Amino acid sequence: CVTIAYANSINEFKKLKELRPDSPLMCSEYWSGWFDHWGSRHETRPAVDMVQGIKDMLDRNISFSLYMTHGGTTFGHWGGANSPGFAPTCTSYDYDAPISEAGWTTPKYFLLRNLLKNYLPAGDTLPAVPKAYPVISIPKIQFSQVAPLFANLPKPVISKDIHSMEYYNQGWGSILYRTTLSKSVDAGTVMKINDVHDWAQVYADGKLLARLDRIKGESSLTLPALKKGTRIDILVEAMGRINFSKAIFDCKGITENVTLNKGGNSVVLHNWLVYNLPDTYEFSKNKRYKIGSKLNAPAYYRVKFSLKKTGDTFLDMSTWGKGQVWVNGHPMGRFWEIGPQQALYVPGCWLKKGNNEIIVLDLLGPSDAFVRGLKKPILDVLRVKTIDKHRKNGEHLNLAADKPVYQGAFDLRNGWQEVTFGKPVTGRYFCIDALSPQKED
């Protein structure tokens with residue numbers, strides 16, 4: 001069996017037939033769309049290409065499984081991550097599937113349905129399409145209760161050496177590593193965290209020094225002058241675990257150690273207090289909430305509100321930083337201001353007529369501490385600049401004297417596309433020169 005992204009299924013099956021000529025043909029995953037990663041653009045795939053590929057397989061009696069038919073949601077912390085590198089997936093698994101995250105039919109669904117009805121046994125007909133669940137909007141709800149994270153820490157574990165989250169019997173959430181400098185530190189000393197899994201904030205006596213993101217390969221920061229006795233806090237959030245290949249052993253927190261490096265000398269920091277911060281509703285609700293507004297620091301927020309009717313809705317998180325949400329005790333999933341997802345799907349069955357509760361853990365801090373319920377999702381608002389990870393400042397590539405071995409244009413669509421050279425080519429380096437960006441319709 002094979003996995004197929006587009007309508008080039010027949011070419012893929014030719015390759016499979018060469019390898020296994022006597023086996024029946026089966027596409028185990030025919031991709032109707034693709035999932036979104038934090039910090040990357042929202043993925044869509046053309047409906048016409050998907051349906052054409054399915055028709056090609058049906059006409060040749062090839063079996064297939066559509067991945068996905070219904071997108072769905074990775075509630076709570078269950079979103080995984082891709083590799084190589086580290087690319088955690090968004091909470092929404094809408095996938096640009098024929099049936100949306102909220103169970104709505106789409107134009108892609110009806111195009112597929114119109115194809116499949118042509119392959120029914122004689123006399124059979126397709127049933128009626130079920131009605132969509134009711135959708136409601138919820139007016140703006142302002143949060144007025146806040147519990148600063150650093151003022152609501154649990155009892156710590158004393159640990160000479162630093163270890164991953166799993167060592168302290170924690171699987172998900174965040175973890176705080178705290179130590180005190182036994183000697184003063186000169187300005188320019190580099191702190192190296194080996195390794196950050198997955199997103200960290202580093203503090204000195206409560207002052208934020210840096211944020212480190214595994215997605216960008218960040219694991220070190222340059223320190224200012226720090227006196228003896230300075231308290232160092234490293235707050236690490238665990239995001240999605242890599243879910244395939246050799247990288248599947250993906251421990252969270254700080255996986256090795258923390259070192260201070262200056263002038264060729266390296267010192268390992270010891271004697272840590274470790275605070276487990278699980279992402280359960282039980283842990284989040286039992287905080288010392290007080291009347292207060294937004295903070296520019298990690299904190300829990302709580303609000304209670306009333307509804308006259310219930311229905312599916314999409315919780316607008318576009319003014320919040322980075323963290324997780326619980327609605328009436330149910331974990332809605334992660335949010336992150338960088339996008340592309342900016343609203344979380346809330347099933348109507350988890351809302352109640354009368355009193356309801358929302359708790360938000362924001363590790364960054366919101367620009368405005370409110371939520372509202374929308375009737376449509378926000379899946380394609382990206383707030384991050386693309387970073388060139390390989391070319392350094394001042395490095396410019398001049399290809400004027402080089403002759404390309406192949407020139408062409410990609411189709412105006414998302415996803416993988418195949419390029420076939422006209423003849424074999426040998427060389428030491430491989431370069432792709434993008435001459436112009438694709439433009440949206």
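**Cavity, cores and salt bridges in a predicted model**

Student: What lines the largest cavity in this predicted model?
Tutor: 14 residues line the largest cavity. Nearest its centre lie Gly-173, Ser-174, Leu-277, Gln-324 and Leu-361. Its volume is about 70 Å³. Strand 21 (residues 322-327) gives the most to the lining, with three residues.

Student: What makes Arg-178 and Asp-233 a salt bridge?
Tutor: Their closest N and O atoms are 2.6 Å apart. The cut-off is 4 Å, so the pair qualifies. Arg-178 lies in strand 9 and Asp-233 in strand 14, so the pair ties together parts that are 55 residues apart in sequence. Both Arg-178 and Asp-233 are buried.

Student: Why is Arg-372 called partly exposed?
Tutor: Arg-372 has 37% relative accessibility. Buried means under 20% and exposed means over 50%, so a value in between counts as partly exposed.

Student: And why does Asp-316 count as buried?
Tutor: Asp-316 is at 3% relative accessibility. The limit is under 20%, so Asp-316 is buried. Arg-372 and Asp-316 form a salt bridge, with closest N and O atoms 2.8 Å apart. Arg-372 sits in strand 25 and Asp-316 in strand 20, 56 residues apart.

Student: Which residues touch the most other members of the largest nonpolar core?
Tutor: That core has 28 residues. Tyr-177, Met-191, Ile-193, Ile-234, Ile-254, Val-258 and Trp-272 touch the most other members. A second, separate core of 25 residues includes Leu-149, Tyr-275, Tyr-300 and Leu-364.

Definitions and conventions: Residues numbered from 1 in each chain as written. Predicted model: local features only at pLDDT ≥ 70, side-chain atom pairs only at ≥ 80, totals over all residues. Heavy atoms only, no water. 1 Å grid on protein atoms, 1.4 Å probe; cavity = no way out; pocket = protein on both sides within 12 Å on 5 of 7 lines; lining within 4 Å. Points joined across faces, edges and corners; volume = space filled by probe spheres on them. Helix = DSSP H or I, 4+ residues; strand = E, 2+ residues; numbered from the N terminus. Core = buried A, V, L, I, M, F, W, Y, C linked by side-chain atoms within 4.5 Å. Buried < 20%, exposed > 50% of the residue type's maximum accessible area, 1.4 Å probe, protein only. Salt bridge = Lys/Arg side-chain N within 4 Å of Asp/Glu carboxyl O.
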